[in-house]
Amino acid sequence: MTTAPPALDTDAILRQSLARGSLGIALLHVERARQGTGSWQTAHRQLVSVGALLDGDETGLFLGAPAMAYVLHWTADGSNRYFGALQTLDRIIAAHTRRRLAAAHARIDRGEPTTFAEYDLLRGLTGLGALLLRRAPEGDELKGVLEYLVRLTEPLPTADGRTRLGWWVSHSPVNLSAPTPGGHANAGLAHGITGPLALLALAKLRGITVPGHEKAMLRICRWLDRIRVNDHRGTRWPRWITGTTSVPPHLAAPSWCYGTPGLARAQQLAALALNDPDRKRMAERALLYCLADPTQLNQLTSRGLCHGLGGLLRLVQRVTQDADEPRAFVHYLPQLTERFLTTEPPAETGFLNGSVGATLAFQNIQEGTLPTSDWDACLLLI
């Protein structure tokens, strides 16, 4: 995760954090219980230990009430387990989403630039949309999020009469409290515009659309085409662009959050939703070039989901499921597995960067099977 958590009580954050704390650990216990390698009692104890839930604007898919709803959704798994708690959380999250949407539309009406906290996967409305796609796919709140994302892709007028990208932010890509002269547009899956692209695609693939849905996806795809780099090392995208530069100009780490793999999966999903075989072929080839390049792979020095080999492993499995030539990707899984096993285990226990996420990503890899559980929906891979 590239941004700091909100300035709240540290213990409360860790208890209610899917990214770094107790809720991520609970998700692992739930997965083990579902597979018969752990107990539901252990999972329940972990969930109970979370305590009273936060529901301020700083919460989102990875923190507070929405994060708990996500974990309980997978715990219930179509049963009546935690039915009452989920009903209560659904009402809380619906109200929370409506509040956030009203603030976002008011910001657009004022002509001000957006922020990661407003729109991204980890803290923003894209993350809430990913939750609603699972919890309330027919609800007005999901449609509201999709309508907002359509509007987010529309050019935003500036004070000097020109326009800028609707997802252009004024703050730093890394430190949200540090203004960046001229701002930037982020391309990553975690904080950038490919998160909204993936959500729009996943919704369309489920038959859920709003006015302007396809046009919004095409706007994002065409922007990605404009900033795409093609050279002897294959196809890739900068992590972000400013008014004058693309960052980084060199080969970036092939991570889920910012790298070529995340952008490739988002565009593969978009291609499926838009029935665009050329884009699908381009996205899959971009990932294959990346997997064949040791210079890029050597930059992954951890087992984590966000920045490490765990995220790449899971992503490759998901791309394989939808690929034109799945065997081309299966070919790389043993090599990635060896890299994973020879990389130092994470020192922390968290979901995004720690041992919990690494353990989840490594499930079933040695058996050579593809994913059977959708715990990675919070990563917008499925």
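1. In this predicted model, Arg134 is buried, its relative accessible area being 18%. That value falls under the 20% limit for a buried residue. Asp374 itself is partly exposed, with a relative accessible area of 24%.

2. This pair belongs to a wider arrangement. A network of salt bridges links Arg134, Arg314, Arg318, Asp374 and Asp376.

3. A further salt bridge joins Asp324 and Lys280, with an N to O distance of 2.8 Å. Here too the pair links distant parts of the chain, 44 residues apart: Asp324 is found in the loop between helix H14 (309-322) and helix H15 (326-330), and Lys280 in helix H12 (residues 277-291). Lys280 counts as buried, at 7% relative accessibility.

4. Asp57 and Arg99 also meet through their side chains in a salt bridge, at 3.6 Å from N to O. Because Asp57 sits in the loop between helix H3 (40-48) and helix H4 (65-76) and Arg99 in helix H5 (residues 83-110), the pair ties together parts that are 42 residues apart in sequence. Arg99 is partly exposed, with a relative accessible area of 37%.

5. As to the total, the structure holds 22 salt bridges. In general, side chains of opposite charge can pair when their charged atoms come close.

Note on methods:
Residues numbered from 1 in each chain as written. Predicted model: local features only at pLDDT ≥ 70, side-chain atom pairs only at ≥ 80, totals over all residues. Heavy atoms only, no water. Salt bridge = Lys/Arg side-chain N within 4 Å of Asp/Glu carboxyl O. Helix = DSSP H or I, 4+ residues; strand = E, 2+ residues; numbered from the N terminus. Buried < 20%, exposed > 50% of the residue type's maximum accessible area, 1.4 Å probe, protein only.
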